[in-house]
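Subject: Structure handover

Hi,

Here is the structure for you to look over. My notes follow below it.

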Amino acid sequence: ESDASDRRANLLWLTDEALLVCKHELGTVKNKPTQDLVSVEKRPVLVENDPEGCSISHCPNIGATIKPCTQTYKVDEGYSDFIRIDGKRVCLDTVTGLTNGTPPGIVKYLVRKPGQDLVEELK
């Protein structure tokens, strides 16, 4: 499965307006920015740990023995290796990690929209 970000030369920074979803597509992550030093279009940029431990709402993966995605876990990849704000790595549009949905250890969350399209990091 290829994502648009794999085909681009640059990676966009995430803001609090970014749309992160669980792999079930309808489950949306509630962003919680932790810094206010840097913004893009007056929206705070997300930094390291911001996507972790966030609530997910509207996941359609519901059933008798099926747990919907309700929380994000640790980011597996998608933090900048080069750019930091107050010592924390900037979140890029390649952010992905696991959710607490079923099956355990399988369902990921990912970025559908970065929340801005002006500021990017060279790949």
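Leu 92 touches several residues beyond its neighbours within four places in sequence. They are Leu 11, Leu 12, Trp 13, Leu 14, Gly 78, Tyr 79, Ser 80, Val 111 and Glu 121. Contact here means heavy atoms within 4.5 Å.

A word on the source: this is a predicted model, where local features need pLDDT of at least 70, side-chain atom pairs count only at pLDDT 80 or more, and totals for chains, interfaces and linings use all residues. Residues are numbered from 1 along each chain as its sequence is written, and side-chain values use heavy atoms, with hydrogens and water left out.

Leu 92 sits in strand S8, residues 88-99. Strands (E, at least two residues) are DSSP runs, numbered from the N terminus. Leu 92 counts as buried because its relative accessibility is 3%. Buried means under 20% relative accessible area, exposed over 50%, and partly exposed in between (1.4 Å probe, protein chains only). Thr 72 is 20 residues from Leu 92 along the chain, and their C-alpha atoms are 16 Å apart.

Now the loops. Two residues there have positive phi without being glycine:

- Lys 42, with phi of about 65°. It lies between strands S4 (39-40) and S5 (43-44). At 78% relative accessible area, Lys 42 is exposed.
- Asp 86, with phi near 50°. It lies between strand S7 (72-85) and S8. Asp 86 is exposed too, at 68% relative accessibility.

Last, a cis peptide bond runs from Thr 102 to Pro 103, with omega near -5°. Pro 103 belongs to the loop between S8 and strand S9 (108-113).

Best wishes

Methods
Helices (H or I, at least four residues) and strands (E, at least two) are DSSP runs, numbered from the N terminus.
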